[in-house]
Amino acid sequence: MSFFAHAGHWLTSVAYFIPVLVFLIWLGVTQLRERRRRRPRGRGD
Amino acid sequence: MSLIAHGLVGRSDLPIPEWLFGWGAAMVLVVSFVALALLWPQPKLQREHWRALPGGLGRALASRAVELICGALGVFLLGMVIWSGLRGTQSPTANFAPTFIYVIFWLGLVAVSVLFGDVFRAFNPWRAVGWACAWLARTVSRAELPKPLDYPRQLGNWPAVAGIFAFAVMELVVSDGDEPHNLAVATMVYSAATFIAMALYGVEAWIERGEAFSVYFNLFSRLSPFETRDHVVGLRRPLSGLAALKPVAGTVALLAVVIGSVTFDGAAEGPLWTGIAPDIVNFFDDLGLSTQRAFEVTFLVGLTATILLIHGFYRLGTIGARSVGGGFSALQLARAFVHTLVPIALAYVAAHYFTLLLFQGQAFWALISDPLGNGSDLFGTADRQVDYAVIGANATWYWQVGFVVGGHVLALTLAHDRALALYEDTKLAVRSQYWMLAVMVGFTSLALWLLSQANG
């Protein structure tokens, strides 16, 4: 209950870190694409 | 003092919510990153470019006579801190020692170092006493002194790390760490340890690598365009002083302690820490510690954990940068980019302690006239009052955001320039910086969140 009652407080705190989260997701996606690009293609390709 | 420190005043009329400033700051960093990638294709800061100040001014400013006067003033102030701490009132705000140590020395000298270079080197009382003792010993014995021991390479900056950590513990953990008597005793203990170390390893070797405050202020002085070489003050290219930093063992840890201690100081005022701290205190209480000790150990745990977290976050960034290739180890990258943490440390210190320096710094004039707090008026300034209207709450916030954003843009610039020098392929250099950008965005968001916690 208290978790939701204080949502106003902690949601504001979370808002500060949304850019970091967005950036980390973008970095993860970039890394994955890079890894796929480097992987040698299979026989069927 | 802590109330003044963080300007606990509400900001009622900001045009946008505070957290949106964090998003704006992140955008500024991303735009700066793109601009650097497009407009800064060659490393520019790695080459030395130093010119003496014209007209003999550089030689005059760093002359032996000036150095002697500055050293004597430093020794006088050190003596004043010990004397007022031992003999004066034990009220922290009425005694000269706490305000001088925590505000004028610890914060004021950071600002002076950034503006005018390594000024502390000239005023350093321990260095002045060390050289005076060496001169006296040579004169009395009429012979050369024995050669000091070689400073152990593996020791690097670790003694400085221990010194700055101890200072942070005194400031943030020890419950009566602002009591004048305790500060005077701590100053004497630190002075004794410094004199012994200088006797063993030589004055300059210890000052350059081991003496905590010399190393600390020297890091910030590298942001200044002024640098002293061979007793001549000169000008250098902005930021090139940091690019020339030669990291040794413990340099990364030292900056993690600086950023981590400011972070903990900010977080300790917020609901996150005040929510979990009582449980930790109860845990130590149950182990049989007195309530005061339980509080102190809890804060020590919090401070240490925050420093390790900051260190880990930076190392994570360098591990990520390693993953793009180039053949560097994470440790090599951590050392290669450690100078980028200096403007971040400055941003944290400036933003967090801006109002403390601005408000409590004014108390210096009253305290210098009445150092013991016994009603004396040595210089006729004892009745000077602190003007709290010198800056408003909103203006403070804008300055703080400016410090945070400015510091991180400088860090990004330094990292970009170092990457260009380090990697043979420009594209690889830019890609490695995605991770440093993530670190900068993380540090920026954390800094603004901490300020909102402290000011909220």
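I looked up the contact between the chains first: 13 residues of chain B are in contact with 13 residues of chain A (C-beta atoms, placed from the backbone, within 7 Å). On the side of chain B that touches chain A, helix H2 (18-39) and helix H20 (426-455) each supply at least two residues. H20(B) gives the most, with 7 residues. I sorted that side into 9 nonpolar, 4 polar and no charged residues (nonpolar: Ala, Val, Leu, Ile, Met, Phe, Trp, Tyr, Cys and Pro; charged: Asp, Glu, Lys and Arg; polar: the others, Gly among them).

I note that this is a predicted model, where local features need pLDDT of at least 70, side-chain atom pairs count only at pLDDT 80 or more, and totals for chains, interfaces and linings use all residues. Residues are numbered from 1 along each chain as its sequence is written, with chains lettered from A and ligands numbered from 1 in the order in which they are written.

Next I took helix H4 (residues 64-87) and helix H7 (residues 125-141) of chain B, whose axes come within 8 Å and cross at roughly 115°. H4(B) is therefore roughly perpendicular to H7(B) (65 to 115 degrees). Gly71(B), Ala72(B), Gly74(B), Val75(B), Leu77(B) and Leu78(B) of H4(B) meet Pro125(B), Ala128(B) and Val129(B) of H7(B).

Last, I checked the buried residues of H8(B) (20 or more other C-beta atoms within 10 Å of the residue's own, placed from the backbone): Pro159(B), Ala160(B), Val161(B), Gly163(B), Ile164(B), Phe165(B), Phe167(B) and Ala168(B). Their cover includes helix H11 (212-221), helix H13 (251-267) and helix H15 (291-322) of chain B.

Definitions and conventions
Buried ≥ 20, exposed ≤ 12 C-beta atoms within 10 Å, placed from the backbone. Helix = DSSP H or I, 4+ residues; strand = E, 2+ residues; numbered from the N terminus. Contact = placed C-beta atoms within 7 Å. Axes fitted to C-alpha atoms, helices over the stretch in contact; angles between N-to-C directions. Parallel < 35°, antiparallel > 145°, perpendicular 65-115°, else oblique.
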